[in-house]
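These are my notebook entries on a structure I looked up.

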Amino acid sequence: MNQKLGEFEEIVLLFVAAQHEAAYGLSVTKAIEDELGRSVTMSSVHTALYRLEEKGFVESKLGDAEGNRRGRRKRIFVITAQGKTALHEARDARMRVWDMIPDFVMKFV
Amino acid sequence: MQEQWHDIDPPKRAEQFFEWYCNDWLVETIGGDLYERYIDNYSKYGRKKANRKYWFDVIRFINRHTLKRSKNSKFNNMSIFNNYVKVGFRNLVRNRAFTVINTLGLSVSMAVCLIIILLINDQLSYDKFQLNRDSIYRFTHSRAEGINLGMATIPHPLGAEAQKRFAGMTEVVNFHRLGGEVESNGKALDIFGLYASPNLFELFSYKLKSGDPKTALVEPYSIVLKAEIAEKFFKDEDPIGKEMKIGNRGTYKITGVLEKLPGKTHIRFDAFASESSTAALTEKGLDMWGLNNWQNGSQTWTYFKLQEGYGPEQLQVVLDEIAAEFYNEDSDMNPTFDIQAMSNITPGPLYGNQIGDGMPNFFVIGLSILAGLIMVCAAFNYTNLSAARAVTRTKEVGVRKVMGAKRGQLTFQFIIESILLSLFSLVLAVVFLRFLKPAFEGLQISSMLNWQLELTTTSYVQFVGFAIVLGIVTGLFPSLYLSSFNAINAMKGALSKKKLSGWALRKTLIVVQFMISIVLITSSVLVYKQIQYIVDKDYGYTKENIINIDLQGQDYATLKTELETLPFIENITASNIIPNTGVSNFTEAWRETKDESVDLNYLSVDENYLDILELDLVAGENFKKDAESLNRKSVLINEKALEAFGFQTPLDALGETLYIEEGDTLVANVIGVLKDFNYQFIFVGIEPLLIKFEPESYQYAQLKISGFDLTEEMVAIDKIWDEFDPKHELKAQTFQGQQDEFNKFFYDILYIVGLIAVLSISIAGMGLLGISAFAIQARMKEVSIRKVLGANVKSIIFMLSRSFIIMLSIALILGFSIAYLGNKVWLDMFAYRTNFGFDIFFFTALGLIGVAVATIGWQAIRATSTNPASTLRDD
């Protein structure tokens, strides 16, 4: 229950939620590369997904084999209720820190 | 549009590798992702980059999620390993007797093996610093007649002739000996030099501390010194440009000093002198031992480099041509030339006329065999005792199997135990090594062959490796055997006693162990007997109260008058060699000039020789006092020579003329015939001997003294010598001492073989103790029942020891046969040899039976003296 959500895991989990019912290792990797402009290796995303699964934040099931996969199926990851709570908590924590920032600090960027 | 990409393959190896390591439940999804990514990259960057990225991804995917788990290790590997070690250790502690017997045996024999490892390391370290070591070769030759031993030297012109005919041969370097005395601070010191070709430094990697390698050996009378020698003669001064007079070989200018050699080399030298000096010396009329002479094959060593692309086989063809062209049946020598790679010199086969001292291969092999033998004995103990102890482990094996242990795991467990024991023994062995090493280095052969046994980190790594391998080998049989039990039977204790004891194999091992001990003991007793025989043998002359002084080139007559002032000296004589020290001089002689010649050994002595050595004349008379010119025309011969010349009786020979080869022919009359006495190397019997009166070839003064307190006499002689020749140290020894020194080599062999024999018998004895204790333990109930039913002690002891007695008898018969056949080979080389004799066999057998009876009997008596009630109580 008290599982911590790591920084990178949080990003991965966000994309899993965003690509609802269609998130698998490569799609998340591509999304991180395209949307955030961060370069990540596929294996680190996979690892993060397995770890999220171990922590109970996502569930996986075998999906379709669409795409250039030579008929090999995808492992589709779906966020769990627990995962949603964890994301909320992470966002709340962030927002609390945002709130601590005095107004003038951010005004003159 | 994406569908058409299906026929593009990612790197096959990467794919296979991925499928090999990735576990089954992830291989499909990750594989799919990988392929999708590959096709993306392929369309974006092309094949090459996509392939690289694919490889990279495959490798990055190796982690704890993806890796296959071995099916039978659901638990943590490390903790089960720890458990094995722990259980193994507890077992060793619990079975103390077993552990002590094994560690003692293993560590002692290991220590001997470690010495051999160090020795082999030392031998392999030769010439490692030579950069050209893999392309340097030398010529050797062998002759059909005489001793069939290869010679490291060749006729001098061969090198140049072969180079002319064979393009692949470059950097030909010739060496010749340059020996002599060099004076330094009023003392004369021997120098051991080599004349070398000017291109020496091109072929060999000797670095010069000072001097120019290109020109250092060009001018006649130039010399390059070894660093140690330069230090010895010149201390801190710069030796370059200084001069050095070497014996009668002229005065040399020092043109270079070598850096300290970075390692050992098979070439022994103190200094290199320019080869051009030899030509200059020949011009001066000095005999340079037949340089440029095809008939003299014992003065020149020739080394060269084979260019890449040329093999020694091609050169061999050229050598055979040369041999056929320059020699025929009638030549003084008719040699076969061979090529030897430098990497095969030390360690390498035995050669005559070596350029330095390296240990011949057979010696290393012989020592390794000895070490291997006792290692085998110790390993057998372990195998035997563990197999016998199996009974105590059956429950454990059963439980482990029930808990799901696979056979492979159990084998592994028991092998770990034996490795543990062997590593433990290694620690002890290294302690033993500390004592063994100095003893070994103290042997005469050790200093003769310049052994350097160094304990380096590498050698320790080798030791540990050796111990682990040994552990695996010794533990393999018991562990395979223990792990083979059926779980249920093992738990029930229903394994038949017969199967457990593995009798056939164990009996064989015990027989082999004792056989080895018997062979070793018999051999060392025989070596001892042979040495005693040599030492005690009556050689037909006396050695009592005689001191030999090495003249070291000084005038005998002068020394004699000086020494005669000493009151304790009864008589003085001179000679060119000391009998029975391995040195002989040959000559030939004829009765009539045209006759067949007779080969003879000769001695050069003066008129007191016969008196001092107490040699008897059969006929005729001795040399006369103060009649040098007459004596020079007279010779004595021994009875063997009498026969060889074909004289019927000693009296026939008297007054006859002999023509003796000696530069010019010496014509001399036989004035006396000596009773045969043995003067030669003990391998050889008595051969024809000629005794000449020839003051210029005297090498030793031999003094007959009256006193017994040697030290006092030696001090007095030393004092006279110091005044007489301040340059040289006195070199004097008793007659017996000088011969003992020569025989020391045999004592060395005795020590080695004897030590190994003692070790092997103790190891075998310990093994027997363990195994008999165990066997008797297993029959305790039987013994008790027999006792209850009224069997007497004697019959029980006989019953318990019967099988051992049979085994020992077999070992004795086999051992003696092998010992007899093996030892006959070397013993037959001696002309004077002791015989095997019944006594050797008798005492060896007696000793062995003693050991066996003591160990088995002790156990048997213990068994019979226990109260039957205490063993039968449980049932």
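The model is predicted: local features need pLDDT of at least 70, side-chain atom pairs count only at pLDDT 80 or more, and totals for chains, interfaces and linings use all residues. Residues are numbered from 1 along each chain as its sequence is written, while chains are lettered from A and ligands numbered from 1 in the order in which they are written.

Entry 1, chain B. I looked up the contacts in chain B between residues at least 6 apart in sequence, and 82% of them join residues at least 24 apart. I found 29 helices and 21 strands in chain B; helices (H or I, at least four residues) and strands (E, at least two) are DSSP runs, numbered from the N terminus. Of the 875 residues in chain B, 36% are buried. I call a residue buried if 20 or more other C-beta atoms lie within 10 Å of its own, exposed if 12 or fewer, and partly exposed in between, with C-beta atoms placed from the backbone.

How do helix 11 and helix 15 of chain B pack? I read an angle of about 15° and axes 8 Å apart. Axes are lines fitted to C-alpha atoms, for helices over the stretch in contact, and angles run from 0 to 180 degrees between N-to-C directions. Helix 11 and helix 15 of chain B are therefore roughly parallel to each other (an angle under 35 degrees).

Most residues other than glycine have a negative phi, and most peptide bonds are trans. I therefore listed the exceptions below.

- The peptide bond from B:Thr346 to B:Pro347 is cis, with omega near -5°; B:Pro347 is in the loop between strand 10 (335-341) and helix 11 (361-388) of chain B.
- A:Arg70 has a positive phi of about 55°. I placed A:Arg70 in the loop between strand 1 (58-62) and strand 2 (75-79) of chain A. A:Arg70 counts as partly exposed because it has 15 C-beta neighbours inside 10 Å.
- B:Glu171 has a positive phi of about 50° and lies in strand 2 (residues 169-184) of chain B. B:Glu171 counts as buried, with 20 C-beta neighbours inside 10 Å.

Key: Two residues are in contact if their C-beta atoms, placed from the backbone, lie within 7 Å. Angles under 35 degrees count as roughly parallel, over 145 as roughly antiparallel, 65 to 115 as roughly perpendicular and the rest as oblique.
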